[in-house]
Amino acid sequence: MEPIPLTQSEFAPFGTVIECPLKPSLTTLTTPLPTSHNVVPANQDTALKFIDVTHMKNHYDSAPSGIPEKAVMNMFSCFPRPLRSPITKNKYDFSISDIKILERHPYTTQTFIPLGAARDAKANYLVVVAPSLQPICGPPFSSKLGPPDLSKVKMFWAHGGQAVTYGVATWHMPMAVVGEERIDFVVVQYANGESQEDCEEVRVVPGVQEKL
C-alpha cells in the first residue's frame, strides 16, 4: 500500500486534518486574511484566530457501563518504527513495518497534536485508517459497529506541521512515526476508565482479524 499526502479532502470520511494555511516564513500579520478558513484577527491584531479547526465529540452517554467520562489529555512519545520495504518521499528513503493492529475509540474522537516536529522528511508519520464492516451482535465488541474493512484501508503521509482528529469509532493503526526523529504527540479525547469502552483493538494477520 502506497501512502498518499494527508489532506482534508482525502481524509474527510475518517476525521479532520488540522494544519495552518500560513507559510512558515510569514512573521508579520498581513491582509487579506486567508479565505479558506474561518479566521479573525486576535490579541490586539498580533495574532490570527482560526475558529473550530476540529470538533471533539463525546458519545459516552450511549456506552453500556454508564460510567462517567472526562476529557483527558496525554502525551505519547513515538519513536521511529522498525522498518521494512523502502518508500521514497521527498527524495528521502523510508521503510515501514506491517500493519499488525488496528484500534478504535467507540465513543470519542481522538486528536493527535505533534509538538515541535519539523515539516521535512526527518519527522513524518503515517496515518492508517479503515471503515467498519457491518455490526457484529454481542461480544467481543462493546459498540454497535463492526470490525474493520481491510479491503478499504487507507494510508496517509503526514508531516510535523499537521495534527489529526480521528472520528468517533474510526479504526486506525497506532501512531507510526517514520524517518529519523521521535515525535511527541499531545493526545486529546474523552475516557471513562472502562478499557473495553475506551478502546477496542483487533490484531491483523493474513486472512484473520483476531480480537485482543
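What is the volume of the largest pocket? The largest pocket has a volume of about 250 Å³. This is a predicted model, in which local features need pLDDT of at least 70, side-chain atom pairs count only at pLDDT 80 or more, and totals for chains, interfaces and linings use all residues. Residues are numbered from 1 along each chain as its sequence is written, and side-chain values use heavy atoms, with hydrogens and water left out.

**Pockets**

A pocket is an open set of points on a 1 Å grid over the protein atoms alone, where a 1.4 Å probe fits, with protein on both sides within 12 Å along at least five of seven lines; lining residues have an atom within 4 Å of a point. Its volume is the space filled by probe spheres set on the points.

| Pocket | Volume | Lining by class |
|---|---|---|
| Largest pocket | about 250 Å³ | seven nonpolar, four polar, one charged |
| Second largest pocket | about 210 Å³ | seven nonpolar, three polar, two charged |

In these classes, Ala, Val, Leu, Ile, Met, Phe, Trp, Tyr, Cys and Pro are nonpolar, Asp, Glu, Lys and Arg are charged, and the others, Gly among them, are polar.

Strand S2 (residues 15–19) gives the largest share of the lining of the largest pocket, four residues. Strands here are DSSP runs (E, at least two residues), numbered from the N terminus. The lining of the largest pocket includes Gln8, Cys20, His37 and Phe50. Cys20 is partly exposed, because its relative accessibility is 34%. Buried means under 20% relative accessible area, exposed over 50%, and partly exposed in between (1.4 Å probe, protein chains only).

The second largest pocket is lined by residues including Cys78, His105, Gln110 and Asp198. Strands S5 (70–78), S9 (110–115) and S15 (183–191) each give two or more residues to this lining. Cys78 is buried, because its relative accessibility is 11%. Gln110 sits in strand S9. Gln110 is buried too, because its relative accessibility is 3%. The side chains of Gln110 and His105 are joined by a polar contact of 2.9 Å.

The structure has zero disulfides (pairs of cysteine sulfur atoms within 2.5 Å).

**Nonpolar cores**

A nonpolar core is a set of buried Ala, Val, Leu, Ile, Met, Phe, Trp, Tyr and Cys residues joined through side-chain atoms within 4.5 Å. The largest has 20 residues, and Phe11, Tyr125, Val127 and Phe185 have the most contacts inside it. Strand S10 (123–130) supplies the largest share of this core, four residues. Another core lies apart from it, with 13 residues, among them Val128, Met155, Trp157 and Trp171.

Terms used:
A polar contact is a pair of N or O atoms within 3.5 Å; within protein, one must be able to donate a hydrogen and the other to accept it, and residues adjacent in sequence count only if both atoms are side-chain atoms.
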